[in-house]
Structures are given as C-alpha cells and as structure tokens.
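Colleague: I'm new to this one, and I'd like to learn how to read it. Could you walk me through it?

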Amino acid sequence: MSARLFLVVVIAIGTVVSGQFNPQQEANQQTVSSYFEQLSTGNIAAALVYLNDSVTLRWNGPPIIPFAGIYHGKEGVSNFFKIAFSTVDIQAITNFTFVGFTNQTIVVTWIEHSTSLSTQKQLTLPNTVIYTFDSSNLIVFIDIYVDTAYAAEQIICTSTQALACQADDPA
C-alpha cells in the first residue's frame with residue numbers, strides 16, 4: 001500500500017460540512033477519522049479496531065473487479081483491503097469531505113488517484129462512502145459507490161477488451 005495513499009486524507013480530514021453537530025455525530029466523525037488515520041500507516045489490523053465484529057463492507061461493482069462484492073466481519077474487511085491493494089496502487093486521495101451526517105450515518109466523498117497493477121492505466125475515481133454506526137460508535141456497515149464501468153475498464157483487461165489493452169501496452 002502506498003504511504004501517500006491516506007496522507008492527503010489525514011490532512012484533509014478536518015474538512016466538514018458547516019453546521020451544528022451533536023455529540024453522537026462528532027463521535028462518529030472521530031471514528032471515521034481514526035479509522036483512516038490507522039489505514040494511513042498501512043496498519044489494517046489497527047484500523048479494524050474501529051469496526052464492529054459483525055461489520056459488512058460492500059464495494060458495489062461487477063464481479064470482474066477482483067475486490068467487488070460484500071465482505072463480512074473484520075476478517076472480510078481485511079481481505080477486501082488485501083485484494084484491493086494488490087489490484088491498484090493508490091497514489092493519492094483528494095477532495096476528502098464529510099458531506100452528510102445523521103446520528104447513525106456519515107457520508108464521505110473523495111477522489112482516488114491510482115494505477116491499475118494489471119493494466120498500468122491511471123484512474124481518477126470519485127468515491128462516495130456511507131458509514132453506518134452502532135450505539136458504541138463502531139462502524140457496522142461500509143457502503144462504497146464508484147463509477148464501476150469506468151473502474152472495470154481501467155482495472156481489468158477482459159477478452160473483449162484485449163485489443164484495446166494491447167494497444168495501450170508499450171511493450
């Protein structure tokens with residue numbers, strides 16, 4: 001995992017929508033901030049502390065994308081990151097913003113700048129992530145939305161895309 005990946009996120013974590021937040025919302029925001037802070041060090045195990053034992057992560061996308069799907073429990077989330085980081089090299093996260101709050105939910109957006117390790121194509125991929133919390137401020141659901149058609153095109157060369165991928169290959 002690129003050390004640069006979450007450096008920008010940790011710096012930008014203070015960007016929030018304006019308004020009054022109650023203590024529950026502030027606690028949930030701190031949970032997300034701490035979760036990303038641990039990921040910024042590459043310490044997935046430390047990030048898992050901020051997740052409920054029965055957490056579910058859903059990366060919405062077609063099965064052709066290796067990390068698309070639903071992951072259950074802390075081990076499942078850990079596997080998601082292992083698969084994702086073996087598929088793409090994330091150089092930076094920009095425009096990280098908390099865009100919405102309820103007592104149980106936070107919506108965060110950012111733009112991922114990465115390179116597919118299989119195609120060497122560059123991705124500029126907007127993400128919208130919805131975090132849902134339990135009463136102990138632990139994350140119980142992570143729902144990730146991206147432009148999956150664009151992601152699949154950049155990340156994977158399928159047999160129907162082989163000629164286009166070969167045309168992009170300088171070898």
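Predicted model: local features only at pLDDT ≥ 70, side-chain atom pairs only at ≥ 80, totals over all residues.

Colleague: In what order do the strands of the open sheet run?

Modeller: Some terms to start with: helices (H or I, at least four residues) and strands (E, at least two) are DSSP runs, numbered from the N terminus. Two strands pair if DSSP finds at least two bridges between them. Here, 6 strands form an open sheet in the order 2-1-6-5-4-3, and the pairing is mixed. Strand 2 (69-72) and strand 3 (88-101) are the edge strands, each pairing on one side only.

Colleague: Which way does strand 1 pair with strand 2, parallel or antiparallel?

Modeller: Antiparallel, over 4 bridges. With strand 6, strand 1 pairs in the parallel sense over 5 bridges. Leucine 57 stands opposite tyrosine 71 in strand 2.

Colleague: Which strands does helix 4 touch?

Modeller: Contact means heavy atoms within 4.5 Å. For directions, axes are lines fitted to C-alpha atoms, for helices over the stretch in contact, and angles run from 0 to 180 degrees between N-to-C directions. Helix 4 packs on the sheet and touches strand 1, strand 2, strand 3 and strand 6, its direction making about 40° with that of strand 1. Helix 5 (residues 148-155) also packs on the sheet, touching strand 1, strand 3, strand 4 (105-116) and strand 5 (122-133), and its direction makes about 130° with that of strand 5.

Colleague: Which residues of helix 4 are buried?

Modeller: Buried means under 20% relative accessible area, exposed over 50%, and partly exposed in between (1.4 Å probe, protein chains only). In helix 4 the buried residues include Gly73, Val77, Phe80, Phe81 and Phe85.

Colleague: How many salt bridges are there?

Modeller: A salt bridge is a side-chain nitrogen of Lys or Arg within 4 Å of a carboxyl oxygen of Asp or Glu. Searching the whole structure gives 2. One joins aspartate 53 to lysine 74, with the closest N and O atoms 3.3 Å apart. Aspartate 53 lies in strand 1 (residues 51-59) and lysine 74 in helix 4 (residues 73-85), so this pair ties together parts 21 residues apart in sequence. Aspartate 53 is exposed at 61%, while lysine 74 is partly exposed at 24%.

Colleague: And what does aspartate 143 form with arginine 58?

Modeller: A salt bridge, its closest N and O atoms being 2.6 Å apart. Aspartate 143 sits in strand 6 (residues 139-145) and arginine 58 in strand 1, so the pair ties together parts that are 85 residues apart in sequence. Aspartate 143 is buried at 5% relative accessible area, and arginine 58 is partly exposed at 27%.

Colleague: Last one: is tyrosine 131 buried or exposed?

Modeller: Buried, at 2% relative accessibility. Tyrosine 131 lies in strand 5, and, not counting residues up to four places away in sequence, it touches several residues, among them Tyr35, Phe36, Trp110 and Phe141. Tyrosine 131 and threonine 105 are 26 residues apart in sequence, yet 5.5 Å apart in space, C-alpha to C-alpha.

Notes: Residues numbered from 1 in each chain as written. Heavy atoms only, no water.
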